[in-house]
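Welcome! Please keep both open while you read.

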Amino acid sequence: MGRDSYDLRAAYDAKSLRFYDAPHVALLYAPDPGDPRLTADVGMYAQTLLLAMAAYGVSSCLQGLLSFYAETVRETLGITGGRLLFGISFGYADPAAAINAVTVGREPLEETTPFHR
Ligand SMILES: Cc1cc2nc3c(=O)[nH]c(=O)nc-3n(C[C@H](O)[C@H](O)[C@H](O)COP(=O)(O)O)c2cc1C
(Lines give C-alpha, C1' and ligand atoms only; values in the text may rest on other atoms or scores of the structure.)
Protein backbone atom coordinates (compact mmCIF):
# COMPACT_ATOMS: atom_id res chain seq x y z
CA MET A 1 0.00 0.00 0.00
CA GLY A 2 1.60 3.23 -1.13
CA ARG A 3 1.27 6.58 0.65
CA ASP A 4 -0.82 7.87 -2.30
CA SER A 5 -3.27 4.91 -2.21
CA TYR A 6 -5.97 7.08 -0.63
CA ASP A 7 -8.91 4.65 -0.92
CA LEU A 8 -6.88 1.81 0.59
CA ARG A 9 -5.59 4.07 3.31
CA ALA A 10 -9.14 5.23 4.16
CA ALA A 11 -10.27 1.58 4.37
CA TYR A 12 -7.27 0.82 6.59
CA ASP A 13 -8.10 3.76 8.87
CA ALA A 14 -11.75 2.68 9.13
CA LYS A 15 -10.60 -0.80 10.19
CA SER A 16 -8.17 0.82 12.56
CA LEU A 17 -10.95 2.73 14.34
CA ARG A 18 -12.65 -0.64 15.00
CA PHE A 19 -9.43 -1.82 16.64
CA TYR A 20 -8.75 -4.16 13.70
CA ASP A 21 -11.59 -6.34 15.11
CA ALA A 22 -9.54 -7.06 18.24
CA PRO A 23 -11.76 -7.98 21.23
CA HIS A 24 -9.97 -5.64 23.65
CA VAL A 25 -8.26 -2.29 23.75
CA ALA A 26 -6.13 -0.84 26.54
CA LEU A 27 -6.15 2.95 26.63
CA LEU A 28 -3.04 4.51 28.12
CA TYR A 29 -3.18 7.98 29.66
CA ALA A 30 -0.54 10.43 30.78
CA PRO A 31 -1.52 11.74 34.21
CA ASP A 32 -2.26 15.42 34.91
CA PRO A 33 -0.26 17.60 35.14
CA GLY A 34 1.78 16.69 32.12
CA ASP A 35 5.26 16.04 33.51
CA PRO A 36 7.21 14.67 30.52
CA ARG A 37 8.96 12.15 32.80
CA LEU A 38 5.61 10.62 33.70
CA THR A 39 4.79 10.37 30.01
CA ALA A 40 8.08 8.52 29.50
CA ASP A 41 7.03 6.13 32.31
CA VAL A 42 3.82 5.38 30.44
CA GLY A 43 5.90 4.57 27.34
CA MET A 44 8.04 2.15 29.33
CA TYR A 45 4.96 0.60 30.93
CA ALA A 46 3.48 0.14 27.45
CA GLN A 47 6.63 -1.52 26.14
CA THR A 48 6.59 -3.99 29.06
CA LEU A 49 2.90 -4.67 28.49
CA LEU A 50 3.51 -5.36 24.79
CA LEU A 51 6.38 -7.74 25.59
CA ALA A 52 4.34 -9.55 28.26
CA MET A 53 1.47 -9.99 25.81
CA ALA A 54 3.85 -11.38 23.21
CA ALA A 55 5.29 -13.79 25.80
CA TYR A 56 1.75 -15.10 26.46
CA GLY A 57 0.95 -15.44 22.75
CA VAL A 58 -1.37 -12.43 22.72
CA SER A 59 -1.08 -10.22 19.65
CA SER A 60 -1.29 -6.46 19.88
CA CYS A 61 -1.24 -3.28 17.85
CA LEU A 62 -0.25 0.01 19.42
CA GLN A 63 -2.48 2.74 17.93
CA GLY A 64 -1.47 6.37 18.23
CA LEU A 65 -4.42 7.22 15.97
CA LEU A 66 -6.83 6.60 18.86
CA SER A 67 -5.49 9.65 20.71
CA PHE A 68 -7.18 11.83 18.08
CA TYR A 69 -10.51 10.53 19.43
CA ALA A 70 -9.76 11.28 23.08
CA GLU A 71 -12.92 13.37 23.48
CA THR A 72 -15.14 10.60 22.09
CA VAL A 73 -13.51 8.09 24.43
CA ARG A 74 -13.88 10.47 27.36
CA GLU A 75 -17.61 10.98 26.70
CA THR A 76 -18.29 7.30 26.03
CA LEU A 77 -16.46 5.92 29.07
CA GLY A 78 -16.97 8.89 31.39
CA ILE A 79 -13.25 9.36 31.93
CA THR A 80 -12.11 12.56 33.62
CA GLY A 81 -8.52 13.81 33.69
CA GLY A 82 -5.40 12.52 32.03
CA ARG A 83 -4.35 12.75 28.42
CA LEU A 84 -4.93 9.82 26.09
CA LEU A 85 -1.58 8.94 24.52
CA PHE A 86 -2.49 5.80 22.56
CA GLY A 87 -4.42 2.59 22.63
CA ILE A 88 -3.24 -0.99 22.40
CA SER A 89 -5.71 -3.28 20.63
CA PHE A 90 -5.09 -6.87 21.58
CA GLY A 91 -6.31 -10.44 21.42
CA TYR A 92 -5.46 -13.74 19.82
CA ALA A 93 -4.63 -13.04 16.18
CA ASP A 94 -6.68 -14.56 13.36
CA PRO A 95 -4.04 -15.72 10.89
CA ALA A 96 -6.68 -15.71 8.11
CA ALA A 97 -7.45 -11.97 8.55
CA ALA A 98 -6.07 -9.90 5.67
CA ILE A 99 -4.84 -7.20 8.05
CA ASN A 100 -2.48 -9.72 9.63
CA ALA A 101 -0.73 -10.19 6.29
CA VAL A 102 0.55 -6.61 6.56
CA THR A 103 4.14 -6.69 7.69
CA VAL A 104 6.28 -3.72 8.56
CA GLY A 105 10.01 -3.93 8.06
CA ARG A 106 12.71 -2.42 10.22
CA GLU A 107 15.17 0.29 9.28
CA PRO A 108 18.75 -0.83 9.66
CA LEU A 109 20.37 0.14 12.95
CA GLU A 110 22.74 2.63 11.33
CA GLU A 111 19.72 4.52 9.88
CA THR A 112 18.05 5.01 13.25
CA THR A 113 20.89 5.31 15.74
CA PRO A 114 23.88 7.68 15.60
CA PHE A 115 26.92 6.34 17.45
CA HIS A 116 29.34 8.88 18.99
CA ARG A 117 32.75 7.38 19.58
C1 LIG B 1 4.09 5.18 18.90
C2 LIG B 1 3.43 4.27 17.87
C3 LIG B 1 2.19 4.63 17.34
C4 LIG B 1 1.58 3.81 16.41
N5 LIG B 1 0.34 4.14 15.95
C6 LIG B 1 -0.30 3.29 15.09
C7 LIG B 1 -1.63 3.57 14.67
O8 LIG B 1 -2.25 4.55 15.05
N9 LIG B 1 -2.22 2.69 13.81
C10 LIG B 1 -1.55 1.58 13.37
O11 LIG B 1 -2.13 0.81 12.61
N12 LIG B 1 -0.30 1.29 13.76
C13 LIG B 1 0.35 2.12 14.61
N14 LIG B 1 1.61 1.84 15.02
C15 LIG B 1 2.29 0.66 14.44
C16 LIG B 1 1.86 -0.66 15.05
O17 LIG B 1 1.63 -0.55 16.43
C18 LIG B 1 2.96 -1.72 14.86
O19 LIG B 1 4.14 -1.32 15.49
C20 LIG B 1 3.23 -1.91 13.40
O21 LIG B 1 2.05 -2.40 12.79
C22 LIG B 1 4.37 -2.91 13.18
O23 LIG B 1 4.09 -4.12 13.76
P24 LIG B 1 5.27 -4.92 14.42
O25 LIG B 1 5.85 -4.00 15.47
O26 LIG B 1 4.61 -6.13 15.01
O27 LIG B 1 6.21 -5.23 13.32
C28 LIG B 1 2.23 2.61 15.97
C29 LIG B 1 3.47 2.26 16.50
C30 LIG B 1 4.06 3.06 17.45
C31 LIG B 1 5.39 2.64 18.02
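D21 counts as exposed, with a relative accessibility of 52%. Because the cut-off for exposed is over 50%, D21 falls in that class at 52%. You will find D21 in the loop between α1 and β1. The model you are looking at is a predicted one, and in it D21 has a positive phi of about 65° although it is not a glycine.

F19 also has a positive phi, of about 60°, and it is not a glycine either. The loop between α1 and β1 is where F19 lies. Is F19 buried, partly exposed or exposed? At 29% relative accessibility, F19 counts as partly exposed.

## A11 in the helix

Now step back to helix α1, where A11 is found. A11 is partly exposed, and its relative accessible area is 45%. How far apart are the C-alpha atoms of A11 and A93? They are separated by 20 Å, and the two residues are 82 residues apart along the chain.

Strand β3 covers residues 83-91 and is mostly covered, with seven of its nine residues buried. Strand β1, residues 24-30, pairs with β3 in the antiparallel sense over seven bridges. To see one place where these two face each other, look for L27, which stands opposite G87 in β3.

Strand β2, made of residues 59-63, also runs antiparallel to β3, and five bridges join them. Here a handy landmark is S60, whose bridge partner in β3 is F90. As a general point while you turn the view, side chains in a regular strand alternate between the two faces of the sheet.

## Q63, a buried residue of β2

Q63 belongs to strand β2. With 3% relative accessibility, Q63 counts as buried, because buried means under 20%. What does the side chain of Q63 contact? It makes a polar contact with the side chain of S16, at 2.9 Å.

## The largest pocket

About how much space lies in the largest pocket? The value is about 680 Å³. The elements that give two or more residues to its lining are α1 (6-16), β2 and β3.

The lining of the largest pocket has 23 residues, and those nearest its centre are S59, S60, C61, I99 and N100. Sorted by class, the lining holds 13 nonpolar, six polar and four charged residues.

## Around the ligand

Which residues are found around the ligand? They are Y12, Y20, C61, L62, Q63, G64, L65, V104 and R106.

A polar side-chain atom of Y20 lies 2.4 Å from an oxygen atom of the ligand. In the side chain of R106, an N or O atom is 3.0 Å from an oxygen atom of the ligand. G64 takes part through its backbone: one of its polar backbone atoms is 2.8 Å from a nitrogen atom of the ligand.

Methods
Residues numbered from 1 in each chain as written. Predicted model: local features only at pLDDT ≥ 70, side-chain atom pairs only at ≥ 80, totals over all residues. Heavy atoms only, no water. Buried < 20%, exposed > 50% of the residue type's maximum accessible area, 1.4 Å probe, protein only. Helix = DSSP H or I, 4+ residues; strand = E, 2+ residues; numbered from the N terminus. Pairing = 2+ DSSP bridges. 1 Å grid on protein atoms, 1.4 Å probe; cavity = no way out; pocket = protein on both sides within 12 Å on 5 of 7 lines; lining within 4 Å. Points joined across faces, edges and corners; volume = space filled by probe spheres on them. Nonpolar A, V, L, I, M, F, W, Y, C, P; charged D, E, K, R; others polar. Near = heavy atom within 4 Å. Polar contact = N/O pair within 3.5 Å; in protein donor to acceptor, adjacent residues only side chain to side chain.
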